[in-house]
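Here is a structure to read from the atoms up. Take a look before the questions start.

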Amino acid sequence: MIAALAASTLLFVAGILVNRFIHNRYQLDIVVEPAQPSQGGPLISVCVPARNEAANIRACLGALLSQTYPNLEIIVLDDRSTDSTSTILEEYPGDPRLHILHGSELSEGWAGKPHALAQAAEASRGEWLCFVDADTFLAPEAIASCHAKAVATGADLFTIMTHQIMGTFWEKTVLPLVITALGVGFSPRDANDPHKPTAIANGQFILIRRSVYAAIGGHERIKDRIVEDKALAEAVKWNGYRLIVADGRAVASTRMYTSLPQMWEDWTKNIYLGLQGQPGLVFLGAFGAVVLVLSALFLPVWPLLGLLWYLDGGSWAAILVVLEALTIWGVVLYSRGNVAQAMGISRWYALTTPLGAGVFAAMMIASAWKIISGRGVMWRGRRYNPSRS
């Protein structure tokens with residue numbers, strides 16, 4: 001009896017501490033609030049890579065053409081799209097701020113997105129470069145507000161975490177867990193600390209000084225990196241420049257996925273690239289996935305075990321085990337509910353945590369298998385093998 005109670009109490013304390021650690025890593029201390037632009041201001045070149053973005057490009061361009069910032073040029077690089085993206089872009093003639101470019105064939109040794117952004121940057125003239133994904137939609141004050149905050153914080157590269165638009169059940173079940181996991185691995189607060197090596201950026205919106213971009217070698221320096229945003233942040237911070245990660249949810253929104261298959265393709269790719277080339281992390285990633293699934297399954301079983309023990313004569317010790325288990329459940333559901341509410345979805349999605357954890361764990365295992373088997377990953381219709389990543 002004492003051993004069972006001690007084990008339960010140990011798990012209870014560990015669970016409280018782990019939950020607190022996990023849910024206190026995603027700290028966005030710098031917040032971008034909508035602000036009106038000042039008069040004048042340097043030219044900002046907005047560079048949008050568009051590969052098969054027919055579903056998003058109209059909304060993205062509409063938002064960019066509605067920006068209140070007065071000194072802006074918009075460069076859209078059609079990256080050899082095979083859908084109707086090119087046809088849609090032909091609907092936007094005449095605006096002097098907008099320049100439509102057609103990308104060249106992917107060069108040897110380059111990943112797709114760095115290749116597209118390098119071409120757009122080369123055609124730009126701005127003192128600042130602003131890289132915006134085609135599935136990201138800016139509020140009218142977004143660029144003015146982010147530029148003002150970048151100047152105020154002394155940033156050389158300024159990036160924001162955007163509001164994630166989630167319409168489907170699977171988005172609302174899996175994506176909040178993915179965001180939490182990213183915060184554990186890459187704390188925004190650590191990224192903003194110039195004394196710590198952590199460097200991250202959100203490729204959905206990056207604002208960088210042209211002089212710094214040129215000094216670090218631009219996208220050519222990171223030409224083979226599929227996760228080019230993190231690589232760019234590392235190049236900036238590790239060369240002594242100022243990196244700032246801010247909360248931009250009030251001024252920008254992104255719809256990354258519309259289905260579970262899209263989410264699976266993207267995050268197995270991202271996890272693959274995080275683990276690839278590091279055998280120890282491959283093992284730890286797969287092991288962590290198994291632990292994640294077992295933990296998600298054990299949480300609902302824990303109070304049931306205590307109840308069965310009580311019915312079998314466990315007395316006060318069994319009741320204490322049940323209370324510990326229910327308390328952990330309450331703490332986890334409260335924390336996950338807070339995450340859901342912050343992401344603009346119902347707190348009830350906290351109840352899907354075990355399911356979401358299982359899907360996320362499956363992504364980790366699939367990514368580890370792609371590395372072990374040497375199969376590489378598919379992204380935007382292009383296959384990337386380990387030798388290229």
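The questions and answers below go through this predicted model, from the whole chain down to single residues.

Q: How many helices and strands does the chain have?
A: The chain has 389 residues, and buried residues make up 50% of them. Among contacts between residues at least 6 apart in sequence, 82% join residues at least 24 apart. The secondary structure comes to 12 helices and 12 strands.

Q: In which sense do S1 and S4 pair, parallel or antiparallel?
A: S1 spans residues 44-50, and S4 spans residues 128-132. Ile44 has Trp128 in S4 as its bridge partner. The two strands pair over 4 bridges, and the sense is parallel.

Q: Which residue in S2 is the bridge partner of Val48?
A: S1 and S2 pair in the parallel sense over 7 bridges. With helix H2 (residues 57-65), they make a right-handed β-α-β unit. The bridge partner of Val48 in S2 is Val76.

Q: How many of the residues of S1 are buried?
A: In a regular strand, side chains alternate between the two faces of the sheet. On one side of S1, Ile44, Val46, Val48 and Ala50 are buried. On the other, Ser45, Cys47 and Pro49 are buried too. S1 is mostly covered, with a buried count of 7 of its 7 residues.

Q: Is Asp247 buried or exposed?
A: Asp247 lies in strand S9. Leaving aside residues up to four places away in sequence, Asp247 touches Leu28, Ile30, Val31, Val32 and Met161. The cut-off for burial is under 20% relative accessible area. The value for Asp247 is 9%, so Asp247 is buried.

Q: Why is helix H9 described as largely enclosed by the rest of the structure?
A: H9 runs over residues 228-237. Its buried residues include Glu228, Asp229, Glu234 and Lys237. Ala231, Leu232, Ala233, Ala235 and Val236 are buried as well.

Q: Which residue in S10 stands opposite Phe137?
A: An open sheet of 3 strands has the order S5-S10-S7, with mixed pairing. S5 (136-138) and S7 (163-164) each have a single partner strand, so one side of each is left without a neighbour in the sheet. S5 and S10 (residues 252-254) pair in the antiparallel sense over 3 bridges. In S10, the residue opposite Phe137 is Ser253.

Q: Which helix supplies the largest share of the lining of the largest cavity?
A: The structure holds 1 cavity of 30 Å³ or more. Its lining includes Lys172, Thr173, Pro176, Leu177, Arg336 and Tyr349. H6 (169-185) and H11 (279-342) each supply at least two lining residues. The largest share, 4 residues, comes from H6.

Q: What is the volume of the largest cavity?
A: Among the residues that line the largest cavity are Ala340, Ile345, Ala350, Thr352 and Thr353. The volume of this cavity is about 70 Å³.

Q: How far apart in space are Ala181 and Tyr26, C-alpha to C-alpha?
A: Ala181 lies in helix H6. At 28% relative accessibility, Ala181 counts as partly exposed. In sequence, Ala181 and Tyr26 are 155 residues apart. In space, C-alpha to C-alpha, they are apart by 9.0 Å.

Note on methods:
Residues numbered from 1 in each chain as written. Predicted model: local features only at pLDDT ≥ 70, side-chain atom pairs only at ≥ 80, totals over all residues. Heavy atoms only, no water. Buried < 20%, exposed > 50% of the residue type's maximum accessible area, 1.4 Å probe, protein only. Pairing = 2+ DSSP bridges. Contact = heavy atoms within 4.5 Å. Right-handed = clockwise from strand over helix to strand, strands pointing away. 1 Å grid on protein atoms, 1.4 Å probe; cavity = no way out; pocket = protein on both sides within 12 Å on 5 of 7 lines; lining within 4 Å. Points joined across faces, edges and corners; volume = space filled by probe spheres on them.
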